[in-house]
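Me: I'd like to learn how to read side-chain contacts in a model. Can you walk me through some?

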Amino acid sequence: MWNVTDWQKVVFSNESRFVWGTDDNRVRVWRRPAYDSRSTLIVIRGTSTGQRYVDDIIRPHVKPFLNGLPGAIFKQDNARPHTARVAQDFLRHFQTLPWPAHSPDLSPVEHVWDQLKRQMPSCHFVHDLELAV
């Protein structure tokens, strides 16, 4: 059974999809992990794949963050880019928290995204979305 000390080692990661403008333009917004501070937003336009997840998120943002936190446990949901072989191969160098398929996403970050979307104004341009988020 895990206790509070165990859960304090977990670094939750999550992204959210936003629809902007009047047509079906979509972007994914991912916030780099950080403790006690605001971190950089990463805006990903287009289709998210396992390779893009590694190239745009894990290698430049997650890897340096986790390298600075000895004993950290990385937790992500079961989105397809996260479970892709290329992403799993890259993450094998880090301790990860396994999550069974079709399990609820218990990341506290999900609630933050949900609340943020409820309070956001309508955005018609990606730049406006970045400023609002």
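Predicted model: local features only at pLDDT ≥ 70, side-chain atom pairs only at ≥ 80, totals over all residues.

Me: Why is the pair of Trp7 and Phe12 called stacked?

Reply: Planes under 30 degrees apart count as stacked. The planes of Trp7 and Phe12 are at 5 degrees, with the ring centres 6.4 Å apart, so this pair is stacked.

Me: Which residues do the ring pairs link into a cluster?

Reply: Trp2, Trp7 and Phe12. As for accessibility, Trp7 is partly exposed at 37%, and Phe12 is partly exposed too, at 24%.

Me: Where does Lys75 lie?

Reply: Over the face of Trp99, at 4.4 Å from the ring centre.

Me: Okay, now charges. How many salt bridges are there?

Reply: The general idea is that side chains of opposite charge can pair when their charged atoms come close. Here the count comes to 2 salt bridges. In one of them, Asp56 pairs with Arg52, and the closest N and O atoms are 3.4 Å apart. Arg59 and Asp55 form a salt bridge as well, at 2.8 Å from N to O.

Me: Where do Asp56 and Arg52 lie?

Reply: Both are in helix H2, which covers residues 50–67, and they sit 4 residues apart, about one turn of the helix. Arg59 and Asp55 are also 4 residues apart in helix H2, so about one helical turn separates them.

Me: Are these side chains buried, exposed or partly exposed?

Reply: Partly exposed: Asp56 has 28% relative accessibility, Arg52 has 28%, Arg59 has 41% and Asp55 has 34%.

Technical notes: Residues numbered from 1 in each chain as written. Heavy atoms only, no water. Phe/Tyr/Trp six-rings, centres within 6.5 Å; stacked < 30°, edge-to-face > 60°. Buried < 20%, exposed > 50% of the residue type's maximum accessible area, 1.4 Å probe, protein only. Lys NZ or Arg CZ within 6 Å of the ring centre and 35° of its normal. Salt bridge = Lys/Arg side-chain N within 4 Å of Asp/Glu carboxyl O. Helix = DSSP H or I, 4+ residues; strand = E, 2+ residues; numbered from the N terminus.
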